[in-house]
Amino acid sequence: MWANVGVAASLGIVSFATGVFAQEAADDLSKQLANPISNMISVPIQSNFDFRAGANNGGFSYTANIQPVIPFSINEDWNLITRTIIPIGYRDYFPGGDVTGLGDITASLFFSPKQPGPDGLVWGVGPIFLLPTATEYFLGGEKFGVGPTGVALFQKDAWTVGGLANHIWSVAGADSRPDINNTLLQPFVSCSLGGGTSLSLNMEASYDWTGDQWAVPINFGVSQVFQAGEQPMSFQIGGKYFAEAPDGAPKWGLRVTLTFLFPGG
């Protein structure tokens, strides 16, 4: 039911788009979206519908990630880009019944040069923070964490190729919960097909050093930039396959993302 409602609502929003972008403007926005540290305010609302979770592979997981990206100009040479992930989750396979609530928030700060480097290299580095904001035991770790994060990518013609990485260590929190010592590796590639349409492929590989466990979801999606009234937006839909995951984790899923764009904001 959650999957049907979420996808239908997102498709309904796209169907009400009343403006049509010129191809050049749509392609430019599509290219900026492919860059995680673009100098553009964007607010993605990412819905993840994941299936075959739990001990009997019959469980369902839904996570809505609200992910505002906000750039700030520090001086004529440098930007500070903030990327925050606010997860709201539902799980139906935990002991004691269904679980719904806010998860732990992560906030990344990237210091990035305003001008691309050699061969169009775009990069940014900075800290990442894990905030113990979860409202349910199974949706968070009750730990405050911190670590480094970085991203680098090349954009040439229709292609964007790059990777994002971070590592988080817990530094405070509930003694009864396991320490957090996690690495994330996220290579990505996207190709613009013209007219604001693009294809993307990424891997969100995370390694839990404490539990000696990989989780490796692979995501493929197709995106379209459009305009609803005066508001530029992007809609993406795609599939997810877990190449590696802990016991009880989902096996496959769907991802639907609606992004509000604020170019020049």
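Strands here are DSSP runs of E with at least two residues, and helices are runs of H or I with at least four, both numbered from the N terminus. The model is predicted, so a local feature needs pLDDT of at least 70 and a side-chain atom pair counts only at pLDDT 80 or more, while totals for chains, interfaces and linings use all residues. Residues are numbered from 1 along each chain as its sequence is written, and side-chain values use heavy atoms, with hydrogens and water left out.

View 1. L201 is found in strand β11. L201 counts as partly exposed because its relative accessibility is 41%; the cut-offs are under 20% for buried and over 50% for exposed, with partly exposed in between (1.4 Å probe, protein chains only).

**View 2. E142 and R177 paired up in a salt bridge.** Side chains of opposite charge can pair when their charged atoms come close. The rule used here asks for a side-chain nitrogen of Lys or Arg within 4 Å of a carboxyl oxygen of Asp or Glu, and by this rule the count comes to four salt bridges. In this one, the closest N and O atoms of E142 and R177 are 2.6 Å apart. The pair links distant parts of the chain, 35 residues apart: E142 sits in the loop between β7 (121–131) and β8 (143–156), and R177 in the loop between β9 (159–173) and β10 (181–194). E142 is partly exposed at 39% relative accessible area, whereas R177 is buried at 11%.

**View 3. D179 meets K143 in a salt bridge.** Here the N to O distance is 3.4 Å. D179 lies in the loop between β9 and β10 and K143 in strand β8, so the pair ties together parts that are 36 residues apart in sequence. What about cover?

**View 4. R255 and E204 in a salt bridge.** Their side chains meet at 3.1 Å, N to O. R255 belongs to strand β15 (residues 252–262) and E204 to the loop between β11 and β12 (205–208), 51 residues apart. R255 counts as buried because its relative accessibility is 8%.
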